[in-house]
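Here is a short report on one protein model. Look at the structure first, then read on.

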Amino acid sequence: MKKQNTCEDLTTMDFPEHFRCPISMELMKDPVTICTGVTYERKFIEKWLITYEKKTCPATMQPVESLEMTPNHTLKRLIQVWQDGRKSKSSGCSSSSSPARDIRHEELVSLLRTIESTPFKVSPLKKLRSMVEVHGDDDDDEMRLEFKKSGGVEVVIKILVQILVDSGSDFSSFRASEEAIGLLNQLIQSTDHRNNREEVKEEEEDHSTFELLMKPECIKSFTIMLQRGSADTRFSIVSLFQKMAKSDRHWNHAIIKGQGIDFFKSLLEIVSDEMSGKASSCALQVLIDVLDASKRSRVKAIEAGAVCTLIELLPDSNKSKCERIMLLLKVLCECAEGRLAFIEHGLGVSAISKKMWKVSSAATKLGVKILWLICGSNPTERVLEEMLMCGTVKKLVVLLHMGGSSSTKNRIVRIFKCHSNFWKKYPCFPSDVKEYLGLGHDVC
């Protein structure tokens, strides 16, 4: 008779990765943690360090300076609870009540203590990230709240700001900062995905978290990691910035204060990243929020090459991205420096002309505003000729005959009043435009 499989043979079953000994790859029965912060099955790590006289941690290859082994009681209890649950499920009996929530809390506190006490923080940070990972159930909300109430945010921020001390030269500190940023982004759930049960508690905790994140040392750390971090890290940062913007209308002042050109260069690199549309979209929105706050930020963005980058992204952009790019160009062209950069690029007028007609009514309004800003500030003859040759003038004439906002039509009329005397010298200029509009002499 064939022997029926039971739940007792757990070594042949799938089980959570953090229950696995990194040496034997088997389910741990007597887990112990060494000075590097990594947990192993006792008999295997003793054989590695004592019998074989190895001097490094098998998982991290970091030097082991002490043979002290600390029993990981929390992990042992978690494994026992998991085993009991599998046995109950296999036997068809309802699972008995267990202190699973208390155990998770103990594990959380244990990990936070480990992070504070060990120089090797990446591994415990990864475990924390797996604990607060969003799965879409109520346990996620409870774990995030538990983490914040246990002082987890403060612990993680200490790791993040350490990058200021090390100036990014220490690789382990740099990697720990990357993990810390990813963890912070996981902790703060977007308000768009909240439900009524969690809304009040989450918002209160997130508000406290945002206050900590908007401190100068945190912003400086974010800026360093925005310039040097991995693609995932940079996405996490712009995602955090976007969540801050939705939470606090004054957040952009904290971001702007003390920022240099490199900050905007980093954002523009993410905006230009064709491989990650989500990160690019987030970075665009962050730029809109930041540039809306002050003229000084716009000048820095212009110096970082924002106008050139946005013009080159415009032709291949979809509707949503196109509208936001044109909004940014409009904001930047409100500065003399932005208008100069737009004119010097050479393809700005053509790019705007192609997008302002067929994308959306919002793009049309923004396109006319940009052209009005350029035309209303003593444009060069080259710019006026380009508007005529690339068909911009003809499109403006068509827009006069179409339904649309009166403010948009008024801007078009004012453009013609200023420059029709220049354009009428060219045979491609519509001969009846001046009479149609009742234009007299140049009034600009």
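The lining of the largest cavity divides into 5 nonpolar, 2 polar and 2 charged residues. Here Ala, Val, Leu, Ile, Met, Phe, Trp, Tyr, Cys and Pro count as nonpolar, Asp, Glu, Lys and Arg as charged, and the others, Gly among them, as polar. The model is predicted: local features need pLDDT of at least 70, side-chain atom pairs count only at pLDDT 80 or more, and totals for chains, interfaces and linings use all residues. Residues are numbered from 1 along each chain as its sequence is written, and side-chain values use heavy atoms, leaving out hydrogens and water.

A cavity is a set of points on a 1 Å grid over the protein atoms alone where a 1.4 Å probe fits but cannot get out; lining residues have an atom within 4 Å of a point. The largest cavity has a volume of about 40 Å³, the space filled by probe spheres set on the points. Among its lining residues are F342, V349 and R382. Helix α20 (381-389) gives the most to this lining, with 3 residues. Helices are DSSP runs of H or I, at least four residues; strands are runs of E, at least two.

Most residues other than glycine have a negative phi.

| Residue | Phi | Relative accessible area |
|---|---|---|
| M25 | near 65 degrees | 46%, partly exposed |
| M61 | about 60 degrees | 52%, exposed |

Buried means under 20% relative accessible area, exposed over 50%, partly exposed in between (1.4 Å probe, protein chains only). M25 lies in the segment before β1 (31-33). M61 sits in the loop between α1 (42-51) and β3 (70-71).

Notes. 1 Å grid on protein atoms, 1.4 Å probe; cavity = no way out; pocket = protein on both sides within 12 Å on 5 of 7 lines; lining within 4 Å.
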